Each structure stands twice: as C-alpha cells, then as structure tokens.
Amino acid sequence: MQPSPNHAPWQVAPVSATGRVAAASLALLAIDSTFVWPMTTSVIEAAALTAIPAIAAIRVIRGFPRSRELAGATLASILAVASVSLLQLGPVAGQVSAAIVVSIVLAATGLLSLALAGLRNRLGGEPVIAMPRWPSAPVAL
C-alpha cells in the first residue's frame with residue numbers, strides 16, 4: 001500500500017503555512033501593482049511590476065525548490081523600491097501613494113513570514129506528531 005502524499009496533486013512539494021502567507025502576499029502585490037501603473041514610464045515596466053510577483057507566488061504555492069529564496073528576494077526588492085518611491089513622492093494622498101503603502105505592508109508581511117519559517121527551520125523544524133501505519137515490532141499471531 002502506497003502512503004498518501006501530504007500535498008495536493010498540482011503541487012511539486014508540500015508548502016508550509018508561512019509559505020502560503022508569502023505566496024498570498026506576492027499574489028496580492030501582483031494585484032496591487034495595477035494601481036501603480038500610472039506612475040510607470042513604460043508598458044514593459046508596468047508588466048514587470050505585475051508579472052514578477054505573480055510568477056514568484058506561483059512558484060512558492062506549487063512548492064518548487066528554492067522558491068522561498070526567490071520570494072524573499074522579490075519581497076525585499078519590492079520593499080526597498082516602494083520605500084524609496086514613497087519618500088520621493090512625499091505625503092501626497094492619492095491612488096498611487098496608497099498602493100505604495102499597501103505594497104510596503106504586504107512585502108513586510110511576506111518577509112516576516114519567510115523569516116519566521118527560516119527561524120523555525122534553524123531551531124529544529126515544525127513540531128510534528130507522527131504515528132506509524134504499521135507496527136515497527138513483529139507481532140505474533
């Protein structure tokens with residue numbers, strides 16, 4: 001009897017709860033980037049603002065190898081760019097500045113979840129209760 005997998009059939013590997021939070025942050029950043037399109041200078045830049053977080057979110061939620069590192073790099077760069085652009089824009093209320101603030105919050109949330117996962121891995125992993133399916137010692141009948 002084959003053991004049942006602990007992930008969905010469309011996933012490459014299982015994804016932890018913190019990985020799901022990072023993927024959700026990236027997916028919401030891809031949606032939020034549409035509100036920043038008026039500030040971009042070219043169509044390619046606008047497409048990249050949407051496509052890069054979306055592709056990283058898909059890789060994380062599917063459980064590809066090294067996808068959390070890619071997500072961390074993407075979230076860190078978004079956080080840095082959004083912080084600089086908010087400082088350049090100033091305290092102007094509007095759609096673009098609100099979208100930038102939302103992107104800062106989402107990127108920080110995703111980075112914190114990935115940092116929590118990294119800390120958990122260094123301290124010994126997530127606590128798991130395992131029960132063997134078959135007895136490990138032979139049973140006399």
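**Starting point: Leu-79**

Select Leu-79 and display its surroundings: beyond the residues up to four places away in sequence, Leu-79 touches Ile-104, Ala-107, Ala-108 and Leu-111. Please bear in mind that the model is a predicted one. Leu-79 itself lies in helix 3.

**The whole chain**

Now zoom out and colour by secondary structure. The protein comprises 4 helices and 0 strands, and its pattern along the sequence reads α-α-α-α. Of the 141 residues in the protein, 29% are buried. Among contacts with a separation of 6 or more, 70% are accounted for by residues 24 or more positions apart.

**Helix 3**

Select residues 67–89, which form helix 3. How far apart are the end C-alpha atoms of helix 3? They are 32 Å apart; at 1.5 Å a residue, the 23 residues should span 33 Å, so the two values agree.

Within this selection, highlight Ser-67, Ala-71, Gly-72, Thr-74, Leu-75, Ile-78, Ala-82 and Ser-85, the buried residues of helix 3. To see what covers these residues, show the other helices: the cover includes helix 1, helix 2 and helix 4 (95–122). Then step just past the end of helix 3 to Gly-90, where phi is positive, at about 85°.

**Helix 1 against helix 2**

Two packed helices are described by the angle between their axes and the distance between the axes. Select residues 17–32 for helix 1 and residues 43–62 for helix 2; the two pack at an angle of about 160°, with axes 8 Å apart. Since an angle over 145 degrees counts as roughly antiparallel, helix 1 is roughly antiparallel to helix 2. The crossing of this pair is left-handed.

Display side chains at the contact. On helix 1, the residues are Gly-19, Arg-20, Ala-23, Leu-26, Ala-27, Leu-29 and Ala-30; on helix 2, they are Thr-50, Pro-53, Ala-54, Ala-56, Ala-57, Val-60 and Ile-61. Colouring this contact by residue class gives 11 nonpolar, 2 polar and 1 charged.

**The loop at Trp-37**

Move to the loop between helix 1 and helix 2 and select Trp-37. Which residues does Trp-37 contact, leaving aside its neighbours within four places in sequence? They are Ala-46 and Thr-50. The C-alpha atoms of Trp-37 and Thr-50 are separated by 9.3 Å, and the two residues are 13 apart along the chain. Trp-37 has a relative accessibility of 38% and counts as partly exposed. Thr-50 also belongs to the contact of helix 2 with helix 1.

The residues that make the contact can be selected as two groups:

- From helix 1: Thr-18, Val-21, Ala-22, Ser-25, Leu-28, Leu-29 and Asp-32.
- From helix 4: Ala-99, Val-102, Ser-103, Leu-106, Ala-107, Thr-109, Gly-110, Ser-113, Leu-114, Leu-116, Ala-117 and Arg-120.

By class, this contact holds 11 nonpolar, 6 polar and 2 charged residues.

Select Thr-18, which is placed in helix 1. Thr-18 is buried, with a relative accessible area of 8%. Apart from neighbours within four places in sequence, Thr-18 is in contact with Ser-113, Leu-116, Ala-117 and Arg-120.

Finish at Val-102, in helix 4. Its relative accessibility is 37%, and Val-102 therefore counts as partly exposed. The C-alpha atoms of Val-102 and Leu-29 are 8.3 Å apart, while the residues are 73 apart along the chain.

Technical notes:
Residues are numbered from 1 along each chain as its sequence is written. This is a predicted model: local features need pLDDT of at least 70, side-chain atom pairs count only at pLDDT 80 or more; totals for chains, interfaces and linings use all residues. Side-chain values use heavy atoms; hydrogens and water are left out. Axes are lines fitted to C-alpha atoms, for helices over the stretch in contact, and angles run from 0 to 180 degrees between N-to-C directions. Angles under 35 degrees count as roughly parallel, over 145 as roughly antiparallel, 65 to 115 as roughly perpendicular and the rest as oblique. A crossing is left-handed if the near helix is turned anticlockwise from the far one by less than a right angle, and right-handed if clockwise. Contact means heavy atoms within 4.5 Å. Ala, Val, Leu, Ile, Met, Phe, Trp, Tyr, Cys and Pro count as nonpolar, Asp, Glu, Lys and Arg as charged, and the others, Gly among them, as polar. The expected span of a helix is 1.5 Å times one less than its number of residues. Buried means under 20% relative accessible area, exposed over 50%, partly exposed in between (1.4 Å probe, protein chains only).
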